[in-house]
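Student: I am new to this structure. Please take me through one part of it closely.

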Amino acid sequence: MKSAVAPSRQIDQPVWAAAVDELVETVRELIRIRSINPPAAAAPDGELVAARRIAAMLSATGLEPEVIEPESGRGSVHVRLRGDGTGGGPLLLLSHLDVVPAPPERWSHDPFSADLVDGYIYGRGAVDMKAMVAMELGVVRLLAAQARAAGRDPARDPIPGLRRDVLFTCTADEEAGGLAGAKWVADHRPEWLRAAGALNECGGVSATIAGRRLYPIQVAEKGLAAYRISIRGTWGHGSMPREDNAAVLAAAVIERLAVPGPTRITPVMARFLDLAIAALPPDAGSMLSALAGDDPARAEAALATACDLMYARALRALLRDTMSPDVVHAGIKYNVIPGDAVVEVDCRLLPGTTEPVMRALLIERLGPELSAVCDVELLVFGAPVEAPAEGPLFDLLVATIRDHDPDGIPLPVMAPFATDAKHTATLGTPTYGFSPLRLDPDERFLERFHGVDERVSVEALRWGLPVLYDVVRRFCA
Ligand SMILES: [Zn+2]
């Protein structure tokens with residue numbers, strides 16, 4: 001019988017300690033590469049530099065990675081570790097190497113210095129998502145090392161004990177929709193993304209609510225439809241105010257769009273609520289019930305008293321199709337009544353809501369009088385996606401969390417935003433947000449995404465690496 005891949009608990013402590021040290025240094029090194037999207041003038045090829053650096057790390061373990069550059073400076077990197085082929089389709093470790101810009105003014109640490117202070121690594125990308133890139137790399141390194149220790153060539157021979165292949169794919173351009181990254185890869189290198197299952201960003205991160213440590217595993221994500229609303233008013237002299245001033249009409253448009261719509265509880269969120277309400281103390285559970293209920297007054301009252309608005313706002317977004325008016329333009333001079341105005345609105349669709357339905361909701365919200373002076377144009381669309389919240393890989397994610405944190409409560413959840421999972425979905429790869437981190441109870445994780453002082457703790461990484469390793473080992477062995 002072939003040797004199995006060693007479970008994390010059977011790996012020597014010094015090996016783990018070295019793997020965690022290497023992980024911390026890799027996170028810091030990746031943060032220092034300014035892989036900003038859209039690319040900054042000072043670092044036009046940051047994603048390519050990052051992709052090449054990762055490729056060099058993979059080469060150093062004896063693997064033979066491939067880097068592609070579909071547009072100048074926009075790099076993605078991929079490598080395949082072989083199993084013996086008897087276990088079914090591969091497992092994909094998916095990540096992105098671009099980050100959103102980080103104006104440094106309000107940061108307490110330079111966003112690209114990767115300072116390590118009081119056990120935290122600070123920097124743009126610390127949670128979104130260079131920590132997970134480095135954890136996935138860390139697992140690949142451990143597997144390649146096991147192949148080398150068994151006298152095998154990691155680039156060609158099966159990794160000892162693996163029955164499925166493991167794919168590592170790290171793409172550019174996730175933060176702008178993936179056209180120069182995962183979308184291009186899906187179209188031109190589908191074998192980099194086609195798998196029996198994929199692990200991606202966002203889920204598997206602990207959220208402490210009312211003293212209970214929940215681990216939401218992302219199985220679904222909302223879709224995106226962005227619209228430009230062009231509003232027709234009448235030009236005139238500012239000395240004689242008019243009701244069809246396009247700026248005044250734009251204000252009415254914004255006011256109507258900003259109201260939360262009715263709730264609709266999808267099957268994934270129904271399961272999330274059942275499990276969370278059962279796990280939380282009664283008062284927190286009943287607040288959750290009120291937030292999820294269809295009585296807007298009760299829901300808003302619950303939101304107002306929520307112990308943590310960060311989670312309450314996320315929950316509110318996960319229970320309805322949302323509209324957020326985020327851009328408004330009108331006017332050319334203080335004494336000229338504007339005849340034109342533009343409002344752009346970010347709409348997020350629950351699974352089951354199509355683009356025509358979203359547009360109809362938007363127009364209904366404006367009402368007949370306002371919509372008669374508005375042209376609505378679709379700017380961007382991405383459909384919602386959903387992976388099964390059951391089956392071997394999902395069950396394994398749940399079991400592995402419980403194994404490493406017996407007090408933890410894993411449960412399926414939807415993300416309010418989109419990731420590259422929309423591109424793996426087109427290839428039929430069920431994709432789970434699972435970047436395991438056990439955080440301090442007070443860590444404002446959701447606010448650090450694209451926020452200031454983004455950071456990740458060394459302790460969270462130390463906990464996450466063996467969790468990810470065990471998931472890969474169990475699913476592929
Ligand atoms: Zn991300």
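Which helix gives the most to the lining of the largest cavity?

Tutor: Helix 3 (residues 126-149) does, with four residues. Helices here are DSSP runs of H or I with at least four residues, strands are runs of E with at least two, and both are numbered from the N terminus. A word on the source: this is a predicted model, where local features need pLDDT of at least 70 and side-chain atom pairs count only at pLDDT 80 or more, while totals for chains, interfaces and linings use all residues. Residues are numbered from 1 along each chain as its sequence is written, and side-chain values use heavy atoms, with hydrogens and water left out.

Start with the space itself. Rolling a probe the size of a water molecule over the atoms shows where empty space is left. A cavity is a set of points, on a 1 Å grid over the protein atoms alone, where a 1.4 Å probe fits but cannot get out. The structure holds one cavity of 30 Å³ or more. The largest cavity has a volume of about 50 Å³, the volume being the space filled by probe spheres set on grid points joined across faces, edges and corners.

V127, A131, M132, M135, V205, S435, L437 and F445 line the largest cavity; a lining residue has an atom within 4 Å of a point. By class, the lining has seven nonpolar residues, one polar and no charged. Ala, Val, Leu, Ile, Met, Phe, Trp, Tyr, Cys and Pro count as nonpolar, Asp, Glu, Lys and Arg as charged, and the others, Gly among them, as polar.

Take F445 first. F445 lines the largest cavity and also forms one aromatic cluster with F417 and F449. A search of the whole structure finds five aromatic pairs. Rings of Phe, Tyr and Trp (its six-membered ring) pair if their centres lie within 6.5 Å; planes under 30 degrees apart count as stacked, over 60 as edge-to-face and the rest as tilted. W16 and Y469 have ring centres 5.7 Å apart and planes at 90°, so that pair is edge-to-face. W16 is in helix 1 (residues 13-32) and Y469 in helix 14 (residues 458-476), 453 residues apart. W16 is buried, at 7% relative accessible area, and Y469 is buried at 0%. Buried means under 20%, exposed over 50%, partly exposed in between (1.4 Å probe, protein chains only).

F417 is in the loop between strand 17 (409-415) and helix 12 (421-425), and F449 in the loop between helix 13 (445-448) and strand 19 (455-457), 32 residues apart. F417 is partly exposed at 30%, whereas F449 is buried at 17%.

Next, S435. S435 is one of the residues in contact with E201, leaving aside neighbours of E201 within four places in sequence. Contact means heavy atoms within 4.5 Å. Others on that list include H96, D128, T419 and F434. E201 sits in the loop between strand 7 (197-200) and strand 8 (207-209). E201 is buried, with a relative accessible area of 3%. E201 and G433 are 232 residues apart in sequence, yet 4.8 Å apart in space, C-alpha to C-alpha.

Notes
1 Å grid on protein atoms, 1.4 Å probe; cavity = no way out; pocket = protein on both sides within 12 Å on 5 of 7 lines; lining within 4 Å.
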